[in-house]
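Hi,

As promised, I am handing over the structure below.

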2 protein chains.
Amino acid sequence: MSENWKYSHRAVAMKSNVIREILKITKKPGVISFGGGLPAPELFPAEQLLEACKKVLREQPENALQYGTTEGYPPLRELIAGRMNNIGVPCHPDEILITSGSQQGLDVLGRVFLDTDSTVLLSKPTYLGAIQAFNAYGPRYLTLPSDDDGMTVDGMEELIRENSPRLIYLVPTFQNPDGRTIPMSRRKVIIDLAAKYGVPIIEDDPYSELSFDSEVPDHLRKMFPEGVILLGTFSKLLAPGLRIAWLIAPKGLAYDRCVRLKQGSDLHTNTFAQHVIYQFLKTGALDSHLEKIRKVYARRKDLMVKLMREHFPEGVSFTEPDGGLFLWVTLPEKINTTELLPKAVDRKIAYIPGSAFYTDGGGQNTMRLNYSKPTEEEIKIGIPRLAELFAEALNA
Amino acid sequence: MSENWKYSHRAVAMKSNVIREILKITKKPGVISFGGGLPAPELFPAEQLLEACKKVLREQPENALQYGTTEGYPPLRELIAGRMNNIGVPCHPDEILITSGSQQGLDVLGRVFLDTDSTVLLSKPTYLGAIQAFNAYGPRYLTLPSDDDGMTVDGMEELIRENSPRLIYLVPTFQNPDGRTIPMSRRKVIIDLAAKYGVPIIEDDPYSELSFDSEVPDHLRKMFPEGVILLGTFSKLLAPGLRIAWLIAPKGLAYDRCVRLKQGSDLHTNTFAQHVIYQFLKTGALDSHLEKIRKVYARRKDLMVKLMREHFPEGVSFTEPDGGLFLWVTLPEKINTTELLPKAVDRKIAYIPGSAFYTDGGGQNTMRLNYSKPTEEEIKIGIPRLAELFAEALNA
């Protein structure tokens, strides 16, 4: 019966998220995975979250279990606004919309801004989930290549002038997938162009609070509050399973449209999780938790980089991020990392082929490696294994 | 700046959900609201949910707080499949997709099936949230009027033959907004036509387990498993703030497409809430909770109907549902319930104007009343007040 049903164009065109499919394969026992983008689960502050649950369910069960407003739980929005202001990002609670993960923030922005054949300007490589969210609305992509400082800006003005993109999408700090950060000078160029041509910038910012040892450049939203929509999330700071993130949009048209279009898609985000995170934040426990995970992730990254230097064959280069969850490996051009993956899985090791992060089929000789989830023990075993695989492929 | 941004056609066209806007107004202290569709918050099983939280956070924090699969937490899907099979609805865990409320189920189905100008067949009145979800994808609606047995089927075959709808959308049991239930004879006609013309039926079923005293007719999914997509939810059975619902679609094309398009929209539903509901269900506590809320809602409905009989002026009729959360009032044609609402709010009483549930501007003289949220005390004060308002309007 259902074989005869007619589906939308988008449903027929839509492919599954490569990463999530690879993660399914690599979940086999014994595989050391550098593939996912998962926080270290052994560090989740479970006991403190349980204290928050107790407080919520004993003191406010009638609100915490009931329908809520689309905008989100007001005290949580106030608390987030306070945190953002503390790190120098101007925003008012009324500009904050709580979303079910930043993935939903991306979906809402696609809904609000994109029609079929609208254009979106982004870097290559860029975050795969953004592409997947936007694809539901049928846009075309304008891409600019990256160097060590993230998205390059040569030719950006021409691209904008000729195509009038509806959106500029950026992960400016410790970008997923490559860990690169766009410096201030380049941020200024991007903002000037966005202002000149009236194009909204999406500043997707899951990682800036996961900086290991250096100051991060100012948020785009700080430099240009009326022209930037910021996405923040507790997924990487606290726990992704709670699916609580936020979108900051200029009050008025943009914010109101985000609220309305989220309303049609899920009414509102989980009330209980919003209350629990609010109670957790109120105790101040997030700051000490962040301090802890920053240290652990920095140590894992350092170990990984050290082992990569020692073991990777000549001709293999990689980024050395000062924060976030990922680094980026570039192999000689003759190596295709998608074709190499089954051999890696045979050796019980996994990564994400870099081409997943390109909208135009590039990046065949690159890969993304995650250092937040694997333990030091796993890194010590996994990186030499990966190096062996590279050597073998290069000598083949 | 953001005033110059360009928005999608859907964002420019989309209006806010009338109900949610009205609910904001009527949240003022002292207003007795028959407007919302909220479960009785004083009955939420908070202590038992806290026990579930303890179990989850002490025994499985690493899974419950981490990213999960798009399909949903496998043990919860198994448990739901078991419950569905127990009430006579055939389904396999692999056909179940966990969604963030049934609203997201509707959104996912809109994504999967609708292009601009696709048609959807539904009754008038019908559930407003479905219209709002589908509207994001730009369809047109084919409507059939309702009688005491819900959607009528005269002319249905012609409508289908001439328009080839992509979907038939129904709330066949205790429909929101009118509390009506489609009897078996009519269900058979609908299924025969859906089978003959290959049109998927969405069976939106939040209320069938909230039956007060009678057997409900068989689920459409039971009668025609390969042709029906069923939406079920814990929002009305347990707590809407947890945002956990499920979609049952035939395995293969339909199911796989639902999974992929949900993936782009929020990766997956709140893992923690899925674990908590699973632990709660495992204790068997849902059955006794359902018994309790059925009794309370039935008593409130009976009281409301009794008072309506006593107080409502001649010429005002209403449905008397055997389950669910809503009843439907029809006034003489000269009364416009949208225009009457401000006067109701002045008297500190609220309802939802029936026209909100029509896609074509009908139902001006109707309204939806909710009996799950207001207490008996509030019903005793509120219904006579509403009756006075009617009398005044009829004599004006």
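Chain A is divided into domain 1 (13-43 + 287-395) and domain 2 (46-283), with bounds that come from an automatic or database domain assignment. Please keep in mind that this is a predicted model, in which local features need pLDDT of at least 70 and side-chain atom pairs count only at pLDDT 80 or more, while totals for chains, interfaces and linings use all residues. Residues are numbered from 1 along each chain as its sequence is written, and chains are lettered from A and ligands numbered from 1 in the order in which they are written.

The centres of domain 1 and domain 2 of chain A, taken over C-alpha atoms, are separated by 25 Å. Their contact takes 29 residues from domain 1 and 26 residues from domain 2 (two residues are in contact if their C-beta atoms, placed from the backbone, lie within 7 Å). On the domain 1 side, α2 (18-26), α13 (285-311) and β11 (326-330) of chain A each supply at least two residues; helices (H or I, at least four residues) and strands (E, at least two) are DSSP runs, numbered from the N terminus. The helix that gives the most to this side is α13(A), with 5 residues. By class, the domain 1 side has 15 nonpolar, 10 polar and 4 charged residues. Here Ala, Val, Leu, Ile, Met, Phe, Trp, Tyr, Cys and Pro count as nonpolar, Asp, Glu, Lys and Arg as charged, and the others, Gly among them, as polar.

Now to the two chains together. Their contact takes 74 residues from chain A and 74 residues from chain B. Several helices of chain A each supply at least two residues to the side that touches chain B, including α3 (46-59), α7 (128-135) and α12 (271-282). Which helix gives the most to that side? It is α11(A), with 9 residues. The side of chain A that touches chain B has 34 nonpolar, 24 polar and 16 charged residues.

The axes of α3(A) and α3(B) come within 10 Å and cross at roughly 180° (axes are lines fitted to C-alpha atoms, for helices over the stretch in contact, and angles run from 0 to 180 degrees between N-to-C directions). That makes α3(A) roughly antiparallel to α3(B). Angles under 35 degrees count as roughly parallel, over 145 as roughly antiparallel, 65 to 115 as roughly perpendicular and the rest as oblique. In this pair, A:Ala46, A:Leu49, A:Leu50, A:Cys53, A:Lys54 and A:Leu57 meet B:Ala46, B:Leu49, B:Leu50, B:Cys53, B:Lys54 and B:Leu57. The contact has 10 nonpolar, no polar and 2 charged residues.

In the other pair, the axes of α6 (residues 101-113) of chain A and α11 (residues 253-266) of chain B come within 5 Å and cross at roughly 95°. The helices α6(A) and α11(B) are therefore roughly perpendicular to each other. A:Gly101, A:Gln103, A:Gln104 and A:Asp107 make the contact with B:Gly264, B:Ser265 and B:Asp266.

Helix α12 of chain B is mostly covered, with 11 of its 12 residues buried (a residue is buried if 20 or more other C-beta atoms lie within 10 Å of its own, exposed if 12 or fewer, and partly exposed in between; C-beta atoms are placed from the backbone). The buried residues of α12(B) pack against α12 of chain A, and also against elements of chain B, among them α5 (74-86) and β2 (96-99). Just after α12(B), B:Gly284 takes a positive phi of about 80°.

Finally, some backbone details. Most residues other than glycine have a negative phi, and most peptide bonds are trans. The peptide bond from A:Lys124 to A:Pro125 is cis, with omega near 0°, and so is the one from B:Lys124 to B:Pro125. A:Leu267, in the loop between α11 and α12 of chain A, has a positive phi near 65°. A:Leu267 is buried, with 25 other C-beta atoms within 10 Å. B:Ser164 also has a positive phi, of about 40°, and is partly exposed, with 13 other C-beta atoms within 10 Å.

Happy browsing!
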